[in-house]
Amino acid sequence: MASATTAKSRPKSGGLLSRLSFRPLVYGYANARVHGLYSRLLDADEMKALLAAPTFDAMVEVLERTQYKDELVALSLRFKGDDLIELAVSRRFAYFAAQLLKVCPSADRPTLQALLGRWDAHNLKVVLLARRQKEPFEKVAPYLVLAGSLKESELQEIYSAPNSEEILHLVRIAMGGDAASGSSVGETERFRKLVMQADTAPSLQPLMDELDRMAYRMAASAASSCTADGGEVRRLVQRAAD
């Protein structure tokens with residue numbers, strides 16, 4: 001009788017209690033690592049020093065005493081002033097995003113990658129504009145924010161594609177196939193037409209807008225697959241889209 005009672009009172013392995021007790025185990029390490037990364041961001045005193053800096057060069061001097069030093073040194077031979085600061089911050093952000101992906105539990109990594117997909121859209125816009133304006137890839141490469149899934153080598157391949165058909169093929173491969181270009185036949189066809197006209201259309205703005213929509217669609221889709229925190233992720237995506 002006692003054993004029967006114990007068996008009835010014992011929580012099932014797939015029940016709520018087991019899920020609640022498992023979350024700290026799954027997210028504990030990632031949470032600790034993220035707090036460690038967060039502690040290395042600029043503190044209040046450093047932000048006040050930046051606000052008080054009278055020139056961009058003075059701001060660079062402040063940032064050289066922080067975690068941005070390596071990026072500033074690497075870029076200082078080619079860039080100065082606000083360009084130097086903006087590019088150094090972008091590079092550091094890409095590094096930060098890569099660290100987040102490393103510590104993120106594998107089940108949630110696709111959602112984080114989808115949220116970072118806006119930077120894939122940004123990089124595609126930079127590359128397609130450079131191609132259209134016949135700017136060398138090496139000239140625009142520093143302006144890429146490699147925080148998404150697209151690598152610089154993939155972006156260079158898209159830039160160097162011999163025709164629009166190959167651009168479409170490479171973009172679809174890089175961004176996850178037709179699912180990236182639209183959730184309906186109409187969206188997929190619109191995306192295809194805009195990419196096919198990338199080298200000849202009077203303006204690239206419609207394609208630029210579609211790339212932004214594509215990034216937010218993918219993020220919203222990933223949020224829908226989240227069981228525990230999907231609602232919060234969807235709210236983050238909506239705020240970013242607004």
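1. A cavity here is a set of points on a 1 Å grid over the protein atoms alone where a 1.4 Å probe fits but cannot get out; its volume is the space filled by probe spheres set on the points, with points joined across faces, edges and corners. By this rule, the count comes to one cavity of 30 Å³ or more.

2. Next, some ground rules. As a predicted model, it is read with pLDDT of at least 70 for local features and 80 or more for side-chain atom pairs, while totals for chains, interfaces and linings use all residues. Residues are numbered from 1 along each chain as its sequence is written, and side-chain values use heavy atoms, with hydrogens and water left out.

3. Which residues line the largest cavity? They are Leu-37, Arg-40, Gln-67, Arg-92, Tyr-95 and Phe-96, where lining means having an atom within 4 Å of a point. Helix H6 (residues 81-103) gives the most to this lining, with three residues. Helices are DSSP runs (H or I, at least four residues), numbered from the N terminus. By class, the lining has three nonpolar, one polar and two charged residues; Ala, Val, Leu, Ile, Met, Phe, Trp, Tyr, Cys and Pro count as nonpolar, Asp, Glu, Lys and Arg as charged, and the others, Gly among them, as polar.

4. Now look at helix H3 (residues 44-52) and helix H4 (residues 56-63): their axes come within 8 Å and cross at roughly 160 degrees. Axes are lines fitted to C-alpha atoms, for helices over the stretch in contact, and angles run from 0 to 180 degrees between N-to-C directions. H3 and H4 are therefore roughly antiparallel to each other (the term covers angles over 145 degrees). Glu-46, Ala-49 and Leu-50 of H3 meet Met-59, Val-62 and Leu-63 of H4, contact being heavy atoms within 4.5 Å. That contact divides into five nonpolar, no polar and one charged residues.

5. Helix H8 (residues 117-132) packs with helix H10 (residues 152-159) at an angle of about 35 degrees, their axes 9 Å apart. From H8 come Asn-123, Leu-124, Val-127, Leu-128, Ala-130 and Arg-131, and from H10 come Leu-155, Ile-158 and Tyr-159. This contact has seven nonpolar, one polar and one charged residues.

6. Finally, helix H11 (residues 164-174) and helix H13 (residues 185-196) pack at about 130 degrees, with axes 8 Å apart. That angle makes H11 oblique to H13. The residues in contact include Ile-167 and Val-171 of H11 and Phe-191 and Val-195 of H13. Six nonpolar, two polar and three charged residues make up this contact.

Terms used:
Helices (H or I, at least four residues) and strands (E, at least two) are DSSP runs, numbered from the N terminus. Angles under 35 degrees count as roughly parallel, over 145 as roughly antiparallel, 65 to 115 as roughly perpendicular and the rest as oblique. On a 1 Å grid over the protein atoms alone, a cavity is a set of points where a 1.4 Å probe fits but cannot get out, and a pocket is an open set with protein on both sides within 12 Å along at least five of seven lines; lining residues have an atom within 4 Å of a point.
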